[in-house]
Amino acid sequence: MGAGRIGVFLTVTLPLALPGIITGVLLSFARSLGEFGATITFVSNIPGETRTLPLAIYTFTQTPTGDEAALRLSLVAVLLSLAALYVSEVLVRRATKRVMGDDADGRH
């Protein structure tokens, strides 16, 4: 209908792809919390330099008095993952509503 490629991309393609893009970004963030093996294998566990949340949990489980700290960090990791999934769902619903109109959630 006369729209250019950039206009079509910005007004049609990108809004339709936005829910998938948002979900991919947030789920990749949540998945990155689990990249334990590669980090500890190739980068090691240097406190203050290469410490990640999974490595900190691992370190605390290897010390005799670190169980409580490991449990606290595990709860933080679970809460971060749940928060990422919640934000993903909210953003996908918002983007879907924007693309499909106000009736996207089934209410009239």
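**Ile 6.** I started with Ile 6, which is exposed at a relative accessible area of 64%. For these labels I take buried as under 20% relative accessible area, exposed as over 50% and partly exposed as in between (1.4 Å probe, protein chains only). Ile 6 sits in helix H1, residues 5-32. Helices here are DSSP runs of H or I with at least four residues, strands are runs of E with at least two, and both are numbered from the N terminus. I also checked how far Ile 6 is from Val 25: the two are 19 residues apart along the chain, and their C-alpha atoms are separated by 23 Å.

**Ground rules.** I am working on a predicted model, where local features need pLDDT of at least 70, side-chain atom pairs count only at pLDDT 80 or more, and totals for chains, interfaces and linings use all residues. Residues are numbered from 1 along each chain as its sequence is written, and side-chain values use heavy atoms, with hydrogens and water left out.

**Whole chain.** Along its principal axes, the C-alpha trace spans about 70 × 35 × 20 Å. I then looked up burial, and 19% of the 108 residues count as buried. The exposed surface comes to about 8100 Å², with carbon and sulfur atoms supplying 66% of it. Those areas come from the Shrake-Rupley method with a 1.4 Å probe, and for residues only the protein chains shown count as cover.

**Contacts.** I count a contact when heavy atoms are within 4.5 Å. Among the contacts in the chain with a separation of 6 or more, 39% are between residues 24 or more positions apart.

**Ser 88.** I went to helix H4, residues 67-100, for Ser 88. Ser 88 counts as buried because its relative accessibility is 7%. Setting aside neighbours within four places in sequence, I find Ser 88 in contact with Thr 23 and Leu 26.

**Arg 93 and Glu 89.** I searched for salt bridges, meaning a side-chain nitrogen of Lys or Arg within 4 Å of a carboxyl oxygen of Asp or Glu. The structure holds one. Arg 93 pairs with Glu 89 in a salt bridge, and the closest N and O atoms are 2.8 Å apart. Both residues lie in helix H4, four residues apart, about one turn of the helix. Arg 93 is exposed at 58% relative accessible area, while Glu 89 is partly exposed at 39%. I also took Arg 93 against Gly 24: the two are 69 residues apart in sequence and 14 Å apart in space, C-alpha to C-alpha.

**Charges overall.** The mean positions of the 9 positive and 8 negative charges are 7 Å apart. Lys and Arg count as positive and Asp and Glu as negative, with His and the chain ends not counted. I place each charge at NZ of Lys, CZ of Arg, CG of Asp or CD of Glu.

**Helix H3.** Which residues of H3 (residues 53-61) are buried? I noted Leu 53, Pro 54, Leu 55, Ala 56 and Ile 57. What covers these buried residues includes helix H2 (36-42) and H4.

**Ile 46.** My last stop was the loop between H2 and H3, where Ile 46 has its place. Ile 46 counts as partly exposed, with 35% relative accessibility. From Ile 46 I went to Val 99, 53 residues apart along the chain, and the C-alpha atoms of the two are separated by 46 Å.
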